[in-house]
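This report describes the architecture of the model displayed below.

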2 protein chains.
Amino acid sequence: MNEARVRFREAMSRLGAAVNIITTAGAQGDTGFTASAVCSVTDDPATVLVCMNRASRQHDIFQRAGVLCVNVLAPADEEMAAIFAGQPDLPMPERFARGSWLRLGTGAPVLQSAAAALDCRISQVLEVGSHSVMFGLVQEIHLGAATSGLIYHRRTYHRVVSGQPA
Amino acid sequence: MNEARVRFREAMSRLGAAVNIITTAGAQGDTGFTASAVCSVTDDPATVLVCMNRASRQHDIFQRAGVLCVNVLAPADEEMAAIFAGQPDLPMPERFARGSWLRLGTGAPVLQSAAAALDCRISQVLEVGSHSVMFGLVQEIHLGAATSGLIYHRRTYHRVVSGQPA
């Protein structure tokens with residue numbers, strides 16, 4: 001890897017971010033992946049975005065499905081984050097079997113234990129370099145019981161706990 | 001505010017995110033704002049994105065300047081985050097006077113104490129609802145001495161410290 005890319009990755013590792021499992025319901029069944037490149041865009045209309053590598057095997061499944069759910073993880077689901085990041089590399093049904101899921105309007109899997117889940121219709125996809133930026137127009141929201149957060153920063157998971165400010 | 005918007009804002013408050021000061025050098029001088037809606041897009045080519053409300057007084061300044069710097073804050077700069085969020089509402093020169101800044105290629109202010117700073121040319125702007133999504137093509141990177149991070153989660157600042165995983 002060249003020096004510029006190494007520096008960019010180091011800088012990005014310092015940009016802490018929430019850990020999410022992005023899911024969809026495809027023709028071949030449910031699929032999902034762990035992502036920290038997720039961002040709130042606007043509340044008018046309620047929109048989030050998710051960046052996804054176009055080289056991913058799941059990319060076309062999401063594009064065809066046209067829907068996605070952003071499951072914002074709580075600290076207790078750190079193991080789920082690793083599983084949906086492909087460590088270990090289990091078949092999709094086995095990954096989903098590790099959690100409890102429900103469905104809202106779009107049919108994408110919603111993790112019951114998520115701190116928050118945003119059930120979205122993909123309203124727009126923008127290709128930027130190697131990635132697609134998928135914009136999700138929020139259709140329904142699930143708020144879980146857990147209000148603490150799981151953060152990925154410098155290649156390590158951290159928890160942020162409500163009532164424990166800096 | 002209607003119920004759906006309240007739920008969306010609650011969900012988004014649970015999506016923890018790094019705190020950044022986004023700066024540019026405009027014709028009228030330096031300007032900047034605090035933002036957590038910042039996201040890594042791809043390392044090929046190295047690109048980040050920043051969401052900005054089009055109703056902001058600073059919006060047109062950024063569009064005309066065509067450059068921006070994403071300053072990823074360390075915990076020690078929590079006060080700077082508040083100042084650039086407009087609390088207290090100081091004139092821009094007084095805000096910048098609270099920190100030490102340097103310049104890289106684009107001329108946008110780079111916070112010396114930032115954990116990381118990404119000096120960018122704005123390569124593309126997409127309007128989504130009330131906001132602009134500005135894509136920044138990274139030109140140069142400043143890596144600061146601090147490696148810990150400042151996170152905004154549930155309307156409170158938190159620090160994530162390297163070597164203190166979840």
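## Conventions

Two strands are taken to pair if DSSP finds at least two bridges between them. Helices (H or I, at least four residues) and strands (E, at least two) are DSSP runs, numbered from the N terminus. The model is predicted: local features need pLDDT of at least 70, side-chain atom pairs count only at pLDDT 80 or more, and totals for chains, interfaces and linings use all residues. Residues are numbered from 1 along each chain as its sequence is written, while chains are lettered from A and ligands numbered from 1 in the order in which they are written.

## The sheet of chain B

Chain B contains an open sheet of seven strands, ordered 3-2-6-9-10-5-4 and paired antiparallel. Its edges are strand 3 (29–35) and strand 4 (38–43) of chain B; each has a single partner strand, so one side of each lacks a neighbour in the sheet. From one strand to the next the twist averages 30 degrees.

Strand 2 (residues 20–26) of chain B runs antiparallel to strand 3 of chain B, and seven bridges join the two. Within this pair, Thr24(B) stands opposite Thr31(B).

Helix 1 (residues 3–13) of chain A lies across strand 4, strand 5 (46–53), strand 9 (116–128) and strand 10 (131–143) of chain B, and runs at about 120 degrees to strand 10 of chain B. For such angles, axes are lines fitted to C-alpha atoms, for helices over the stretch in contact, and the values run from 0 to 180 degrees between N-to-C directions.

## The sheet of chain A

In chain A, seven strands form an open sheet in the order 3-2-6-9-10-5-4, with antiparallel pairing. Strand 9 (residues 116–128) and strand 10 (residues 131–143) of chain A are joined by 12 bridges and run antiparallel. Val128(A) has His131(A) as its bridge partner, and Ala117(A) stands opposite His142(A). The two strands form a hairpin with two residues between them, and Gly129(A) in the turn has a positive phi of about 55 degrees.

Seven antiparallel bridges connect strand 5 of chain A with strand 10 of chain A. Here the bridge partner of Val50(A) is Met134(A).

The contact involves 54 residues from chain B and 55 residues from chain A, two residues being in contact if their C-beta atoms, placed from the backbone, lie within 7 Å. Helix 1 of chain B gives the largest share of the side of chain B that touches chain A, seven residues. Of the interface residues of chain B, 100% are also interface residues in chain A, so the copies meet through the same surface.

## The nonpolar core

The largest nonpolar core has 104 residues, and those with the most contacts inside it are Val50(A), Val70(A), Val50(B) and Val70(B). Such a core is a set of buried Ala, Val, Leu, Ile, Met, Phe, Trp, Tyr and Cys residues joined through C-beta atoms within 7 Å. A residue is buried if 20 or more other C-beta atoms lie within 10 Å of its own, exposed if 12 or fewer, and partly exposed in between, with C-beta atoms placed from the backbone. Not counting residues up to four places away in sequence, Val70(B) touches residues including Ile22(B), Val38(B), Val50(B) and Leu118(B).

## Loops and backbone features

Asp77(A) is found in the loop between strand 6 (67–72) and helix 3 (78–84) of chain A. It counts as buried because it has 24 C-beta neighbours inside 10 Å. Asp77(A) is 36 residues from Ser113(A) in sequence, and their C-alpha atoms are 7.7 Å apart.

The peptide bond from Asp44(B) to Pro45(B) is cis, with omega near -5 degrees; Pro45(B) lies in the loop between strand 4 and strand 5 of chain B. Another cis peptide bond joins Gln87(B) and Pro88(B), with omega about -5 degrees. Arg155(A), in the loop between strand 11 and strand 12 of chain A, has a positive phi of about 65 degrees although it is not a glycine. With 10 C-beta neighbours inside 10 Å, Arg155(A) counts as exposed.
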